[in-house]
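Me: I have a model open on my screen and would like to talk it through with you. Could you take my questions one at a time?

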Amino acid sequence: MATPPDGPQAQAANKAISKLDLDGHNLPPSPAPSSPQVGRRRYALATELVYTESKDQYGASSMPIYQSATFKQTSSSGGNEYDYTRSGNPTRTHLERHLAKIMNATRALAVGSGMGALDVITRLLRPGDEVITGDDLYGGTNRLLTYLQANQGVVVHHVDTTDPERVRAALTPRTAMVLLETPTNPLIKIVDIATIAAATHAAAPRALVVVDNTMLSPMLCNPLDLGADVSYESGTKYLSGHHDIMAGVIALHDAALGDKMYFTVNATGCGLSPGDSFLLMRGVKTLAIRMEKQQANAQRIAEFLEGHGFRVRYPGLRSHPQYDLHWSMARGAGAVLSFETGDVGKSERVVEAARLWGISVSFGCVNSLISMPCRMSHASIDAKTRQERQMPEDIIRLCVGIEDVNDLIDDLSRALVQAGAVTLTLDGFHANGAPGETPSPPPPSV
Ligand SMILES: N[C@@H](CCSC[C@H](N)C(=O)O)C(=O)O
């Protein structure tokens with residue numbers, strides 16, 4: 001899973017490191033000039049996640065929480081490195097520099113949630129600007145784009161981003177942003193970032209290609225290396241890993257764009273708090289080992305469900321229609337999968353019968369979660385739109401954690417049996433009813 005030391009990803013990462021000041025003590029606007037660390041060898045990603053180079057005044061091996069709203073100045077004109085935590089805080093700066101390093105970026109910004117990150121990014125849009133995005137995407141993203149369309153004069157085109165030609169056909173001189181997710185949430189479709197980025201930059205040079213990398217995290221994919229201009233993710237998920245904070249992260253190369261986004265962070269006060277910056281930093285250090293276990297568990301569970309006749313969507317399965325495309329961009333399949341039972345009521349019963357799997361939105365945490373996206377994470381997309389976009393109402397999303405995989409499979413098997421989603425036979429059990437044969441009517445909008 002680690003980046004090969006001489007591969008293109010590692011070269012890009014070295015470039016990013018050489019541009020960073022790694023002392024962790026500069027107030028944001030523009031990244032500081034290079035440090036004595038320039039040109040040092042890039043370690044494997046698992047090492048870089050843990051290795052930090054902060055110059056804490058006492059040599060603390062874990063950057064302390066600077067729990068202070070304001071900072072004393074040495075002169076009446078101010079001008080010290082930090083003045084007010086909304087504008088900058090040493091704990092957040094340390095985190096942002098570490099994130100820039102592991103996301104192969106020149107600059108990273110840490111804010112209060114994944115949606116907060118998308119808000120900062122979309123504030124670059126102006127009335128009349130056009131956004132091209134997917135027809136399967138996270139409910140919160142869809143909601144923010146719908147708001148911008150209704151209130152800010154931004155025109156949003158939802159197309160099937162799994163087909164780069166559809167994106168190409170939607171590009172116009174007014175395209176300001178192409179917003180991608182891969183794998184998509186919750187249908188786990190794969191989007192070709194490199195082809196779409198190249199097509200976008202050729203046809204609409206001022207357009208930004210923005211990628212939501214939450215499903216994979218920098219452990220498995222680096223969208224900036226594939227040609228994206230901005231990569232962002234919910235730090236609430238894999239980066240922190242314990243569902244004890246909300247956070248959002250933005251990574252990019254363009255200094256002027258970074259300054260514009262920092263302006264918004266400072267002006268609106270959405271920067272991540274010192275305490276949450278500390279927790280996110282702590283979580284990032286164990287990302288490699290968590291992800292390794294989570295995706296090994298997810299693979300076993302996906303194979304278990306598929307082996308019993310369910311339609312499973314997971315890029316670790318050879319049956320995934322875009323298996324090769326996924327593996328050309330990513331170093332792993334992640335730990336989110338979805339499957340269908342063919343009946344909404346049956347899916348509800350499965351979810352409610354699970355004990356070890358918590359009924360919760362979110363993913364990327366050490367404990368496993370089960371949910372019905374159409375009722376939960378994607379309920380803000382109205383039923384008609386969900387139907388138009390062919391979202392199966394019975395779809396169940398599994399977000400796999402680090403528990404013992406046999407316990408997870410036992411609990412899921414029991415829930416499937418209890419819900420009547422499988423038929424018991426002498427040689428085991430099999431899914432009842434092929435998904436899609438009896439399409440479920442959408443429930444009323446939420
Ligand atoms: N009630 C929330 C639901 C958040 S879903 C969180 C997450 N990104 C996921 O996909 O599970 C809302 O309406 O935003």
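Predicted model: local features only at pLDDT ≥ 70, side-chain atom pairs only at ≥ 80, totals over all residues.

Here is our conversation about this model.

Me: How many residues of domain 2 are in contact with domain 1?
Reply: The domain assignment, automatic or from a database, gives domain 1 as 1–111 + 236–285 and domain 2 as 288–431. Residues are in contact if their C-beta atoms, placed from the backbone, lie within 7 Å. On the domain 1 side, the touching residues are five nonpolar, four polar and one charged; here Ala, Val, Leu, Ile, Met, Phe, Trp, Tyr, Cys and Pro count as nonpolar, Asp, Glu, Lys and Arg as charged, and the others, Gly among them, as polar. Those 10 residues of domain 1 meet a domain 2 set that numbers 11.

Me: At roughly what angle do α3 and α10 cross?
Reply: Helices are DSSP runs (H or I, at least four residues) and strands are E runs of at least two, numbered from the N terminus. The contact between α3 (residues 90–102) and α10 (residues 274–285) includes L95 and I102 of α3 with F278 and M281 of α10. Axes are lines fitted to C-alpha atoms, for helices over the stretch in contact, and angles run from 0 to 180 degrees between N-to-C directions. The two axes come within 8 Å, and the crossing is roughly 35 degrees.

Me: Why is helix α4 described as largely enclosed?
Reply: A buried residue has 20 or more other C-beta atoms within 10 Å of its own, an exposed one 12 or fewer, and a partly exposed one falls in between, with C-beta atoms placed from the backbone. The buried residues of α4 include L118, V120 and I121, and the buried set packs against elements including β1, α5 and α9. Helix α4 (residues 114–122) is largely enclosed by the rest of the structure because its buried residues number seven of the nine.

Me: Is G153 buried or exposed?
Reply: G153 sits in the loop between α5 and β3. Beyond its neighbours within four places in sequence, G153 is in contact with P127 and G128. Since G153 has 12 C-beta neighbours inside 10 Å, it counts as exposed.

Key: Residues numbered from 1 in each chain as written. Contact = placed C-beta atoms within 7 Å.
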